[in-house]
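Q: Could you walk me through this structure, starting with how its helices pack?

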Amino acid sequence: MSEAAVKNESVGTVVVAGAANLAIAVAKLVAGILSGSAAMLSEAAHSVADTTTEVLLYLALRRGARPADVRHPFGYGKESYVWAFLAALFTFVAGAGFAITHGVTTILVHEHSGDYLISYVVLAVSFAIESVSLARAVRQVRGESRRWGTTPRRFLRLTADTTVKAVFLEDSAALIGLLIAGVGLGLSQWTGDELFDGIASILIGLLLLVVAAILARSNISLLVGRAVPERLHREIERELAGLPTVDRVDTLLTMQLGPDDILVAAKVDFRDEATGADIEAAADEAERRLTDRYPEIGYVFLDPTRSLPGSGRHARRTQEVPGPVGDAPLGTAYPGPVGGTRPADGPSDQEPDGRG
């Protein structure tokens, strides 16, 4: 799959999810008003929150893909995380807040103003539509995880493409929420007690809280400036250390500039006999090797430096984090030059080699 195709697939996944959620939100709202079910109204709020989230995620993809300019020489990739973070906050405030509040009210008031049939019909139709949207997200997640040679679970946990992660989690939560609403309605109808309908509404709200917290935490980490996974860090180090004129790599730093753009900066100790021309050639070769193998790497900066005696033979580890991140994915493929600032000798349509 080409890098442009990966980017288009992310946009398509968001658009499909947004259209599905909009249609479902209207149906749930009508059913909730006619039936008076707290769980149905909470599900309507859930779908409204998801629809708004998809709009914000679409903005994240579009605005984050803008080319670099004088004021933003590294591009606008991090802006996508701002919009994705706002989407998580909206889910937290609008979706979860309404669902929990309405559920508590239903438990206290114990009122149900209509019959249950329309709610069951809307829940069934919504489940079918949400399943289609989730299937598309799952297909993309599986394809990307195969491309990076990792598991779908690890891809979702550490991918820098938070839009795909958001759609997958929200659609999964939507299906779970529909099941919870159905069970709550069924128990309320069977027992004649609206307590179960209210409890279902509260559970839906708590589910939304969990999803919002996961997405917010992921986007905050990327906004702060997250490094690439440790395994990729080691492979970049090996590529640089393998250059003929390089004696050792003393410090290697990386940062996700956006869902599909990576910065690499390293302090490199060149061999004593290396000339200025040798160092320039090594820098060009480093750019070529890294961008050929990982098209997501848009910027490579090497700082020639002389190591102190006894400083060791390996790059200083300044970015390790707890957890098994050694075989985690990068995210999506790099879509090409960012405002013309990407190294000119790096191909724009090179597929990764299955590492990530």
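A: Helices α4 (residues 117-147) and α6 have axes that come within 9 Å and cross at roughly 155°, where axes are lines fitted to C-alpha atoms, for helices over the stretch in contact, and angles run from 0 to 180 degrees between N-to-C directions. This is a predicted model, in which local features need pLDDT of at least 70 and side-chain atom pairs count only at pLDDT 80 or more, while totals for chains, interfaces and linings use all residues. Residues are numbered from 1 along each chain as its sequence is written, and side-chain values use heavy atoms, with hydrogens and water left out.

Q: Are α4 and α6 roughly parallel or roughly antiparallel to each other?

A: They are roughly antiparallel, since angles under 35 degrees count as roughly parallel, over 145 as roughly antiparallel, 65 to 115 as roughly perpendicular and the rest as oblique. The crossing of α4 and α6 is left-handed, meaning that the near helix is turned anticlockwise from the far one by less than a right angle, whereas clockwise would be right-handed.

Q: And what follows α6?

A: G192 comes after α6, and its phi is positive, near 75°.

Q: Switching topic, which residues touch the most other members of the largest nonpolar core?

A: Those are F168, I236, L240 and I297, out of 58 residues in that core; a nonpolar core is a set of buried Ala, Val, Leu, Ile, Met, Phe, Trp, Tyr and Cys residues joined through side-chain atoms within 4.5 Å. Helix α6 (residues 162-191) gives the most to this core, with ten residues; helices here are DSSP runs (H or I, at least four residues), as are strands (E, at least two), numbered from the N terminus.

Q: What does L240 touch?

A: Not counting residues up to four places away in sequence, L240 touches V246, V249, L252, A266, A286, L290 and L302, with contact meaning heavy atoms within 4.5 Å.

Q: Which residues of α9 are buried, then?

A: In α9 (residues 276-293), the buried residues are A282, A286, E287, L290, T291 and R293, where buried means under 20% relative accessible area, exposed over 50% and partly exposed in between (1.4 Å probe, protein chains only). Their cover includes α8 (230-241), β2 (261-270) and β3 (297-304).

Definitions and conventions:
Expected span 1.5 Å × (residues − 1).
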